[in-house]
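Subject: Structure handover and notes

Hello,

Here is the structure for you to take over. My notes follow below it.

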Amino acid sequence: MDSTIPLPGHDWPVMQPGWVWLCGAGPGDPGLLTLHALNALRQADVVIYDALVQEAILDWAPQATLIYAGKRGGKPSAKQRDISLRLVDLARSGKRVLRLKGGDPFVFGRGGEEAQTLVQHGVPIRIIPGISAGIGGLAYAGIPVTHRDVNQSVTFVTGHDQSGNTPGNLDWTSISKGSQVIVIYMGMKHIAQISVHLVAAGRSLHEPVAVVATATTQDQQVLETTLGRIVDDIAAANLEPPAIICVGQSVLMRQVLDWQGMAAGVPARNLDPLGRGRAAESA
Ligand code: SAH
């Protein structure tokens with residue numbers, strides 16, 4: 001990638017030595033970076049990045065020292081503390097530090113913890129939001145996270161708690177009743193229990209579910225299934241994390257909105273998958 005393309009006119013913030021900018025890298029596709037992220041990548045002395053950040057994005061920071069701080073889900077917070085303190089040390093040594101995290105730093109990314117530690121140590125911070133996988137990843141699969149005919153609310157939920165178990169304190173009945181669409185992050189390990197919880201809470205075994213793995217990358221895979229079949233279908237399709245799991249009727253909209261499939265010449269399967277008439281007719 002050419003890292004010298006000028007940014008359009010704007011009062012771009014200047015990264016000062018001793019600051020840490022906590023930045024979302026989006027779900028994968030480098031084109032889903034924000035311009036603030038790009039501005040930061042070009043100025044940073046050090047980029048500390050997570051496992052979910054695509055390597056291609058780091059090409060935008062050829063001048064920076066790159067530090068990998070990857071850890072995979074479910075591991076406890078000792079290492080998290082090391083990362084936060086490392087950020088503090090780097091800032092104190094006068095570096096311009098870019099902490100780059102997958103998706104949005106404040107969505108299931110422990111960005112809040114890192115930012116808090118920095119502030120507690122007197123390190124100045126800036127937060128740059130990113131496109132979260134639970135929104136952008138679904139959009140790349142042709143699934144609108146809200147759709148007027150389907151849901152007035154959406155719940156984003158994590159499939160792990162701090163110890164790596166399914167979150168025991170989640171009230172699945174309330175989630176199930178309160179939100180027609182449920183978007184599950186880090187749900188692959190415990191999907192069997194999660195789907196049982198949801199059915200016990202009143203969701204149908206036939207409820208549409210999509211699993212979008214490595215969303216927005218070249219390796220994106222999308223599985224359309226149901227709550228009753230999801231465990232078997234994930235195994236049959238050999239899907240691996242990272243994946244976003246979306247439960248709800250909006251998954252059906254992929255039948256008309258699979259824009260990547262259509263771009264590859266596969267026609268829409270159903271122009272009105274929810275059977276509610278076309279949007280243009282229902283004004
Ligand atoms: N801060 C991130 C989420 C970090 S938690 C964000 O806002 O997107 C890690 C989880 O995010 C993964 O287990 C997976 O559920 C989801 N995720 C992140 N990137 C993804 C991708 N490219 N495709 C599918 N799921 C992704």
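In which loop is Thr 216 found? Thr 216 is in the loop between β8 and β9. Helices (H or I, at least four residues) and strands (E, at least two) are DSSP runs, numbered from the N terminus.

Before the rest, two points on conventions. Residue numbers start from 1 along each chain, as its sequence is written. The model is predicted, so local features need pLDDT of at least 70 and side-chain atom pairs count only at pLDDT 80 or more, while totals for chains, interfaces and linings use all residues.

Phi of Thr 216 is near 70°, a positive value in a residue other than glycine. Thr 216 counts as buried because it has 24 C-beta neighbours inside 10 Å. The cut-offs are as follows: a residue is buried if 20 or more other C-beta atoms lie within 10 Å of its own, exposed if 12 or fewer, and partly exposed in between, with C-beta atoms placed from the backbone. Thr 214 is found in the loop between β8 and β9 (221–226). Its phi is positive too, at about 40°, although Thr 214 is not a glycine. Thr 214 is buried because 20 other C-beta atoms lie within 10 Å.

Ligand shell

There are 25 residues around the ligand, and Gly 103, Gly 109, Ser 132, Ala 133 and Ala 215 come nearest. The elements that give two or more residues to this shell are α5 (133–140), β8 (208–213) and β10 (243–247). A residue is near a molecule or strand if its C-beta atom, placed from the backbone, lies within 6 Å of it. By class, the shell has 14 nonpolar, 9 polar and 2 charged residues. Here Ala, Val, Leu, Ile, Met, Phe, Trp, Tyr, Cys and Pro count as nonpolar, Asp, Glu, Lys and Arg as charged, and the others, Gly among them, as polar. Domain 1 (20–131) and domain 2 (134–276) each supply at least three residues to the shell.

Helix α5

Of the 8 residues of α5, 7 are buried, so the helix is mostly covered. The buried residues are Ala 133, Gly 134, Ile 135, Gly 136, Gly 137, Leu 138 and Tyr 140. Their cover includes β6 (154–158), β7 (181–185), β8, β10 and α10 (259–263). After α5 comes Gly 142, with a positive phi near 80°.

Domains

The domain assignment gives domain 1 (20–131) and domain 2 (134–276); such bounds come from an automatic or database domain assignment. The centres of domain 1 and domain 2, taken over C-alpha atoms, are separated by 27 Å. In contact across the two are 14 residues of domain 1 and 16 residues of domain 2. The side of domain 1 that touches domain 2 has 7 nonpolar, 6 polar and 1 charged residues. Two residues are in contact if their C-beta atoms, placed from the backbone, lie within 7 Å.

Two further sites

Leu 87 is in helix α3 (residues 78–92) and is buried, with 26 other C-beta atoms within 10 Å. Not counting residues up to four places away in sequence, Leu 87 touches Val 20, Ile 48, Val 97, Arg 99, Glu 114 and Leu 118.

The peptide bond from Pro 241 to Pro 242 is cis, with omega near 0°. Pro 242 lies in the loop between α8 (230–237) and β10.

Regards
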